[in-house]
Amino acid sequence: MTLLPRLFTLAFAVFALSAVPLSAAKKTLTVGFAQTGAESAWRTANTESLKSEAAKRGINLKFSDGQGRQENQIRAVRSFITQRVDAIVIAPIVETGWEPILRDAKRAKIPVILMDRTVQVSDESLYTCFVGSDFAEEGRMAADWLAKHVDGKGRILELQGTPGSAPANERRRAFAEAIAKYPDLKVIDSQSGDFRRSGGKEVMEAFLKKHGRNFDIVYAHNDDMALGAIQAIEEAGLKPGKDVTILSIDAIKEAVQAVVDGKLNCTVECNPLFGPKVYDLIEKIVAGETVPRVQYNKDELFDATNAAAALPTRQY
Ligand code: GYE
């Protein structure tokens, strides 16, 4: 044999060998993620978890920042459907208004994973599953802690999250229900700070103008708003954590630090690190396995008794 045909044979053998593992290799998954926006440190940690875990697993993640608007999220989902992604992850900014786009996704046979926040729909089969925290349980944990800490007495100012969002709705409802047992523990005013630090500060400034010193407690639906409120309270010459009892939800590192510093009295954990869980679910769904419809995180509570010990290992 001359050299040329031998080279051809060799090249063919190499090609044939490499072709086998290639065709047997796992297909790269493409996932569309419609995020709410970047309103809080919790949200930043959540986005980072989904991005870094996708990179680790070689998943092609199409990320859309909804900038706090449901119509942006719906537009992103529509474009994911057109692109025929393998799965869609939504962190629904509000609970209502999702039926039409979820119907479109179902018609296109694209599984939808609701992450972090729930939706209200008439037909549960419009999404495949939900993974998140139990917001009602968080509201109850905050209320029970408070009732013990202030001996069932006090005037509460409430800083609500984004109006119409599942965490604002549930954290408000469950907290109110739990404190109803204590006739001397009352919410005297409640306004939305949109889960933002600047929102918490502005609403707290308005509360201080309106109520003067006639309140005892601030209950914030998230840490960022509590941290904003703490700033406003300090600027008004009061001592947060001492003159005013302050409690919130999320347990971001900065808030656990504020508990250690005595400026925040308690924060209920709400873990945002959903990356591994979400992609485990998607890999199973795509492989045709059934997955649990609803999965909740197990969250803890941090106050003066355990914050210092927890601080060094906080991951977000
Ligand atoms: O508490 C808040 C964020 O939906 C649980 O959204 C989430 C909430 C979280 O902006 O910080």
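Reader: With which side chain does the side chain of Asp 116 make a polar contact?

Author: This is a predicted model, and in it Asp 116 is found in strand S4, which covers residues 112–116. Leaving aside neighbours within four places in sequence, Asp 116 is in contact with several residues, among them Trp 42, Arg 43, Ala 91 and Phe 274. The polar contact from its side chain, at 2.8 Å, is made with the side chain of Arg 43.

Reader: Is Asp 116 buried or exposed?

Author: A residue counts as buried when its relative accessible area is under 20%. Asp 116 has a relative accessible area of 3%, so this residue is buried.

Reader: What is the length of the polar contact that joins the side chains of Gln 35 and Arg 43?

Author: Gln 35 is found in strand S1, residues 30–35, and is buried, with a relative accessible area of 0%. Leaving aside neighbours within four places in sequence, the residues in contact with Gln 35 include Arg 43, Asn 46, Phe 63 and Gln 73. Between the side chains of Gln 35 and Arg 43 the polar contact is 3.1 Å.

Reader: How much of the area that the ligand exposes when taken alone does the protein bury?

Author: Of the 13 residues around the ligand, those that come nearest are Glu 39, Asp 116, Arg 117, Asn 222 and Asp 250. A polar side-chain atom of Asp 250 lies 2.6 Å from an oxygen atom of the ligand, while an N or O atom in the side chain of Ser 40 is 2.9 Å from a ligand oxygen, and for the side chain of Arg 43 the corresponding distance is 3.1 Å. Taken alone the ligand exposes 300 Å², and the share of this that the protein buries is 100%.

Reader: How far apart are the end C-alpha atoms of helix H6, and what span should its 14 residues have?

Author: Helix H6 runs over residues 166–179, and at 1.5 Å a residue its 14 residues should span 20 Å. The two values agree, because the end C-alpha atoms are also apart by 20 Å.

Reader: Which strands are included in what covers the buried residues of H6?

Author: The buried residues of H6 include Ala 166, Arg 171, Phe 175 and Ile 179. Their cover includes helix H5 (135–149), and, as for strands, it includes S6 (154–160), S7 (185–192), S8 (217–220) and S9 (245–250).

Terms used
Residues are numbered from 1 along each chain as its sequence is written. This is a predicted model: local features need pLDDT of at least 70, side-chain atom pairs count only at pLDDT 80 or more; totals for chains, interfaces and linings use all residues. Side-chain values use heavy atoms; hydrogens and water are left out. Helices (H or I, at least four residues) and strands (E, at least two) are DSSP runs, numbered from the N terminus. The expected span of a helix is 1.5 Å times one less than its number of residues. Buried means under 20% relative accessible area, exposed over 50%, partly exposed in between (1.4 Å probe, protein chains only). Contact means heavy atoms within 4.5 Å. A polar contact is a pair of N or O atoms within 3.5 Å; within protein, one must be able to donate a hydrogen and the other to accept it, and residues adjacent in sequence count only if both atoms are side-chain atoms. A residue is near a molecule or strand if one of its heavy atoms lies within 4 Å of it. Accessible areas come from the Shrake-Rupley method with a 1.4 Å probe; for residues, only the protein chains shown count as cover.
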